[in-house]
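Here is a short tour of one protein chain for anyone new to reading structures. Keep the picture open while you read.

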Amino acid sequence: MAIFKGAGVAIVTPFTQNYEVDYVKLGELIEYQIKEGTDSIIICGTTGEASTLSHEEHLECIRYTVEKVNKRVPVIAGTGSNSTLEAIYLSQEAEKFGADALLVVTPYYNKATQKGLIEHFTEVANSVKIPIIMYNVPGRTGLNILPQTAATLVKTVDNIVGMKEASGNIAQVAELMQLCEGNIDLYSGNDDMIVPVMSLGGCGVISVLSNIVPKDTHEIAAKFLEGDIGGSLELQLKYFPLIKALFCEVNPIPIKKAMNLMGFEVGPLRLPLTEMEPANSAALVQALKELGIKVVE
């Protein structure tokens, strides 16, 4: 059974103006997401700026989120690292806190061979008992999980159950599903490809867009799952211009800008991420306004 079906939010990590984690604001965002129908909370992922959090902050964000959510929806903790031992440590701690599942990205910078990926994910999975979703995002890590590699892991490691696929390569997604014979929980890692990925057997999306329009992002997936493909596609295309604006600079720069424009007050970014370029910011404002979303400029 899938950890969740529908739209899970890759939630931002709010900071104070002093660049400290704002747990009060994080709690408000969690409550907003649950109220608006989000199907899962993904904490400390790419969108959550996990790469600039200390180990202490990273683990406290997971602990806080698990406690705040209190089993109302599944909590998936990002615990990946380019070091297998570090990924094991973060994964074991997240399991102790009560996370429902883990999102484990491929090793970055030092990368790995496909054999190394199999050993890396196997070691991490064997260190815990909760389910693991592999995260394939070669545009960030410089490393692609090939379909045969993913299929091998899903078939040989009991608690490796899913994949967040953000390669943008729909042919690769099709090959993955063919090799896995459908026995993998597939989530789109790209908001502009929810419907295409679900058409190949995906069960939802791990979404950036959900931070600002959780109800409609949920509906894109829910309508598809209910058989209303036309309604799902209509919503997917409706939000395409906004999605494009949300990824005109590296994530999570635009989504944090959008949230601040909308009054969520999620604070600044941590370096090396910087504020949006004025022209891109203006395009984002326009995309929001065209959808009737009020902004404070």
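## Glu 234, on the outside

Let's start with Glu 234, which sits in helix 10, the stretch covering residues 229-238. Is Glu 234 buried or exposed? Its relative accessibility is 60%, and the cut-off for exposed is over 50%, so Glu 234 counts as exposed. Keep in mind that this is a predicted model.

Glu 234 and Glu 165 are 69 residues apart along the sequence. In space, going from C-alpha to C-alpha, Glu 234 and Glu 165 are 22 Å apart.

## His 58, on the inside

Now hop over to His 58, which belongs to helix 2 (residues 55-69). Its relative accessible area is 5%, and buried means under 20%, so His 58 is buried.

Which residues does His 58 touch, once you leave aside its neighbours within four places in sequence? The list is Cys 44, Ala 50, Leu 53, Gly 78 and Leu 90.

Next up is a pair of helices. Two packed helices can be described with two things: the angle between their axes and the distance between those axes. For helix 12 (residues 253-261) and helix 13 (residues 278-290), the axes come within 11 Å and the crossing angle is roughly 55°. That angle falls between the roughly parallel range (under 35 degrees) and the roughly perpendicular one (65 to 115), so helix 12 and helix 13 are oblique to each other. Their crossing is right-handed.

Which residues do the meeting? From helix 12 come Pro 254, Lys 257, Ala 258 and Leu 261, and from helix 13 come Ser 281, Leu 284, Val 285 and Leu 288. Sorted by class, this contact has six nonpolar residues, one polar and one charged.

## The whole chain

Time to zoom out. The chain has 13 helices and eight strands. A compact globule with 297 residues would have a radius of gyration near 19 Å, and the chain has 18 Å, which agrees.

How much of the chain counts as buried? Of its 297 residues, 57% do. As for contacts with a separation of 6 or more, 71% of them in this chain are between residues 24 or more positions apart.

Notes:
Residues are numbered from 1 along each chain as its sequence is written. This is a predicted model: local features need pLDDT of at least 70, side-chain atom pairs count only at pLDDT 80 or more; totals for chains, interfaces and linings use all residues. Side-chain values use heavy atoms; hydrogens and water are left out. Axes are lines fitted to C-alpha atoms, for helices over the stretch in contact, and angles run from 0 to 180 degrees between N-to-C directions. Helices (H or I, at least four residues) and strands (E, at least two) are DSSP runs, numbered from the N terminus. Angles under 35 degrees count as roughly parallel, over 145 as roughly antiparallel, 65 to 115 as roughly perpendicular and the rest as oblique. A crossing is left-handed if the near helix is turned anticlockwise from the far one by less than a right angle, and right-handed if clockwise. Contact means heavy atoms within 4.5 Å. Ala, Val, Leu, Ile, Met, Phe, Trp, Tyr, Cys and Pro count as nonpolar, Asp, Glu, Lys and Arg as charged, and the others, Gly among them, as polar. The radius of gyration is taken over C-alpha atoms; the globule rule is 2.2 Å times the number of residues to the power 0.38. Buried means under 20% relative accessible area, exposed over 50%, partly exposed in between (1.4 Å probe, protein chains only).
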